[in-house]
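User: I have a structure to go through with you. Can you take my questions as they come?

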Amino acid sequence: MERFAYANPSTLKEAVGLLSSRWGETAILAGGTDLLSLMKNYVAAPKRLVSIKNIAELRGINSDTDGIRIGALTTLQELLDDESIRRDFPALAHAAEGVASMQLRNMGTVGGDLCQRPRCWYFRSGFGLLAQDEQGRSLVTEGDNRYHAILGNRGPAYFVHPSSLAPALIALDARVSIFGPKGENSMLLKDFFQTPQSANERETVLQTDEIVTRITIPSFLRGWPNATYEIRPKEALDWPLATASVLLQLEGDAVAHAHVVLGHVAPIPWNAESASQWLVGQRINEQTAAKAGMEAVRDARPLSGNGYKVKLASVAVKRALLAAVQGGA
Amino acid sequence: MADYQWPQADDRSLIGKRISRLDGPIKSSGRATYTYDVQRPGLLFGKLVLSPHAHARIVSIDTSSAERMPGVQAVDVIRDAGQEVLWVGQEILAVAAETDEQARDAARAVKITYEKLPHLVSDVEPAQAGDRAEEEAEQVTGDPDAGFREADATIEGRYGSSVITHCCLESHGQVAEWEGDNLTVWASTQNVTGLVGQYAEGLQIPAGNVRIITPMMGGGFGSKFQADTWGLSCARLSKQAGRPVKMMLERDQELLVAGARPSIHARVRAGAKRDGTLTAWSSQAWGTGGITSRGSVNLPYIFQIPNRRSSYVRVSTNIGPARAWRAPRHPQMCLITMAALEDLAAELGMDALDFFLKNVGIMGARAQTYRQELLKGAELMEWKKKWHPRGDQTSGPNKRGLGLALHTWGGGGHQSNCNCTIHPDGSVEVSLASQDLGTGTRTVIAIVAAETFGLPLDAVKVNIGDSRYPPSGPSGGSTTVGGVSSSTRRAATSALNELLAKVAPSLGVEPGQLEAVDGRIQVIGDSSKSIAWKQACAKLGTTPITASGRRSRDLISSGVGGIQMAEVSVDIETGVVKMEKMVAVQDCGLVIDVKTAESQVHGACIMGVTYALYEEKLMDEATGLCLNPDMEFYKLAGIGDIGEIEVHMMTGPGYDDRGVIGLGEPPVISPGAAISNAVANAIGVRVPTLPLTPEKVLAALEKKGGAA
Ligand SMILES: Cc1cc2nc3c(=O)[nH]c(=O)nc-3n(C[C@H](O)[C@H](O)[C@H](O)COP(=O)(O)OP(=O)(O)OC[C@H]3O[C@@H](n4cnc5c(N)ncnc54)[C@H](O)[C@@H]3O)c2cc1C
């Protein structure tokens, strides 16, 4: 990696003051499980690393009547070990559990998981986020895109968003709080992600000098069935091919409200709105769950080598729905 | 006089028992010193600069700014301006610096310009390969056309397996250190003795000046027989700097250049009579293993089908060169053959086990071994209870299936020399320049020596992994165990006989009436007339006994057979294959240590599961790059992916009396074929190529309408 300066502030204000307003000059360091590998591969070469590990207010999981607040520095393992999250939000616990190995869960943080960079192999080989050759042609559409996007892939971005927590948190209507030079604000997590339209844009709306401070899940969702289903070719140290996270509000047996979000299929966590709408009024069983799965991928436009992911995404939705009504996954 | 022949079953105290490997505790507690761990005073770190292009001409190399980087002590240009590079990762130069990081920075500071040339990196069919396709002469036996006319059923199929790498967990590399004109290299190698000559020739120094040391090995699998470009470069860097240099490949370099197993693809026709008798085979095969890959493909594998025709086309591509990969070519030949034959059995409506048993007669020299092993395997797998015709018809998305395959290998012992010393204080040493690749060689040597002396295992000191000891062959072709066990047995027996001669007078008998058992020297069959080992050795005064022994053909043999059965479950909605169970039945003649032998088979099955389900070197035609030179997308099985493995070693009469035969390679041959067959049995359709990824499983299912 390139040389860098290291800062270790203990307040958010200090930290923000140390962050540059230009991409690439500085970087926030949480668990480092992603950032350090990017630096070792020279894909990222910040001049200054700003560690946020000493900022106490970014730690811990607290709840009150409004919501369950998860500090950005909460590790994936802490999330998994939290009894109330396991009980009330299996969609989230299961997504955290899927990030295997133990080392990744012990070091990786919730903020880092949401802000981690895509695993697109062209991006990681140094061809930029949009993975274009010198003539501006997409290496992805021309090349090996077996793990790339099937939805939201009209270009120029074809990578898939790597976070497995994001789809679960979005399904749970989570909000994200952000601290920047102008203080703190918050937004729905679903609005945090964006599909970059040019090389100057990123996968999130976060500015270079802003820090994710916490995630809040609304309290009233406790008791609503929810689940995540991940399709993984192997058990550990691997990425899912597709995931689905679902949240249901049931009236009797019938769905009053549904939220279906797909992971690892698009440059952003993918809100499968038509599936969510279609589910309203349905009773969840094999047939309706399968139908919702088909609905969720209706707009999919696979690339040359990833057609199989369409089927996987729809199966993930089906299985997540069935898991949700059977009491979580 | 003690006889050097292997003791009979009743007389063995250690051979054929289950003994834990001697280096287990230091390895599992991190105390074992691998090449990677070697530290020397003043050690520098070397780093290679590799070609970023799949095919290019080097226009210019400017090392001046690298030379000015902090800590840089030496630069060694391997390939100069004007020369071509033929794959991504081909070595261009190396630098050495005070720290690993400085070396890396310096390597990045080297300025090289290239003129790009056209490349081919994809695993294409010969028709798309133009003049890169090189055809071998067609092989014909019998009358294939008549054979097909005789057949009641024929199948046509397309089968294959991708290029994979060796992915040694300890990457290739070495530490080189000069003392005057003498060079010592700590190398991660399968070839301690052989490397001496390679370094001597490569550096133009006398072989007597070179010493190779390999304390422990972190995996070679056939990819570590050479000094390699980086080894010679490391020695030159060290010479230039006047300090020791360590240069180990980085993970991406390891995956790019340090070994690949050629791909195989084939279109096959095979025919059999209604009762399963095979009548005809025809195959057109092709594959690539880089720019040049030697070795040919003999199809069909094992089954000597009376009428057969086969051809092979070698395609040359701009990928890192092939190296021998554990049982070179056999896993590929096994896959093509066993998959086609299993398809044929399914076509005939026969259980593959019955079909294979029906054709035992054409399985060559090991036919009866295969029969016994198939029956044993069937018992362990509960084959007859679990087997169903193609396509598991039970409800739910998870479909179970069974598959089997068989394999053969040579495994005759290599040249090996051993020195054995009995010290007057009773301690015993055996020394040979062999290497323990992690297979248990050290343990096997100790067992043979201790058995010969009637001593406990820990009474023997084993010295290996140093070219100063008597020469041994490279550990390739599963030849180590035969070589070292027979040379050790001969050396130890000779040493013992000298001792017996010294002791005999004091017991008032002829040396020929003595034996060494239970820590004593005694009159054969009469423990009342004996002397303790230590006291016996004390009679040596101040002069130890040393005796040497060589590989002895009458203690070893060659040629093994093994069968494997796989049970899988396949989720037909996601295409994910899960290993449930592997049964491996294997012969290797006289087994010296049942435990380490079984663990060889376990390791092979794990490696087999990995290449069957996950491994693939992915090349990108547009950029010429390898897309997965990492452990993230170059996927290896983890412990949860492997399932249950049950190993049965064939031993006893008919096996033991053949003598010692190698085992490292044979059990890695069958897994791909057995697992592919199990998947076909589960889902009712062949997934044509390995690895059996969800994508390919779903594509195969889709062709037949999605159901099993
Ligand atoms: C083999 C492998 C498999 C994996 N599988 C999965 C998987 O299946 N699903 C999954 O979701 N993840 C997976 N991961 C990724 C892992 O979860 C992430 O690396 C980890 O969560 C990142 O957290 P971190 O704290 O280490 O982030 P860091 O590496 O410290 O940071 C990552 C990025 O986020 C930024 N950042 C960190 N915290 C903040 C913050 N509070 N505010 C603003 N920006 C911030 C950093 O600047 C950096 O750009 C896998 C990783 C590997 C290596």
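What follows is a short chat about cavities and domain contacts.

User: What kind of model is this?
Analyst: This is a predicted model.

User: How many cavities of 30 Å³ or more does the structure hold?
Analyst: There are three of them.

User: What volume does the largest cavity have?
Analyst: About 230 Å³. Its lining is made up of 18 residues, and those nearest the centre are Tyr147(A), Leu613(B), Lys635(B), Thr693(B) and Pro694(B).

User: And the lining of that one by class?
Analyst: Twelve nonpolar, two polar and four charged residues.

User: What about the second largest cavity?
Analyst: The second largest cavity has about 190 Å³ of space. It is lined by 17 residues, with Arg119(A), Tyr147(A), Val160(A), Trp239(A) and Phe633(B) nearest its centre. By class, that lining has ten nonpolar, three polar and four charged residues.

User: Changing topic. Which domains does chain B get?
Analyst: The assignment gives domain 1 (9-31 + 413-555), domain 2 (35-118 + 172-248) and domain 3 (329-411 + 557-704).

User: How many residues are in contact between domain 1 and domain 2 of chain B?
Analyst: 18 residues of domain 1 of chain B touch 16 of domain 2 of chain B. The area buried between these two domains is about 1300 Å², and carbon and sulfur atoms give 52% of that. Their C-alpha centres lie 39 Å apart.

User: What is the salt bridge count there?
Analyst: One salt bridge is counted between domain 1 and domain 2 of chain B. Arg211(B) and Asp466(B) meet in a salt bridge through their side chains, at 2.5 Å from N to O.

User: And how many residue pairs in polar contact?
Analyst: Eight, between domain 1 and domain 2 of chain B. The side of domain 1 of chain B that touches domain 2 has five nonpolar, seven polar and six charged residues.

Conventions
Residues numbered from 1 in each chain as written. Chains lettered and ligands numbered in written order. Predicted model: local features only at pLDDT ≥ 70, side-chain atom pairs only at ≥ 80, totals over all residues. Heavy atoms only, no water. 1 Å grid on protein atoms, 1.4 Å probe; cavity = no way out; pocket = protein on both sides within 12 Å on 5 of 7 lines; lining within 4 Å. Points joined across faces, edges and corners; volume = space filled by probe spheres on them. Nonpolar A, V, L, I, M, F, W, Y, C, P; charged D, E, K, R; others polar. Domains from an automatic or database assignment. Contact = heavy atoms within 4.5 Å. Buried area = accessible area lost by both parts, 1.4 Å probe. Salt bridge = Lys/Arg side-chain N within 4 Å of Asp/Glu carboxyl O. Polar contact = N/O pair within 3.5 Å; in protein donor to acceptor, adjacent residues only side chain to side chain.
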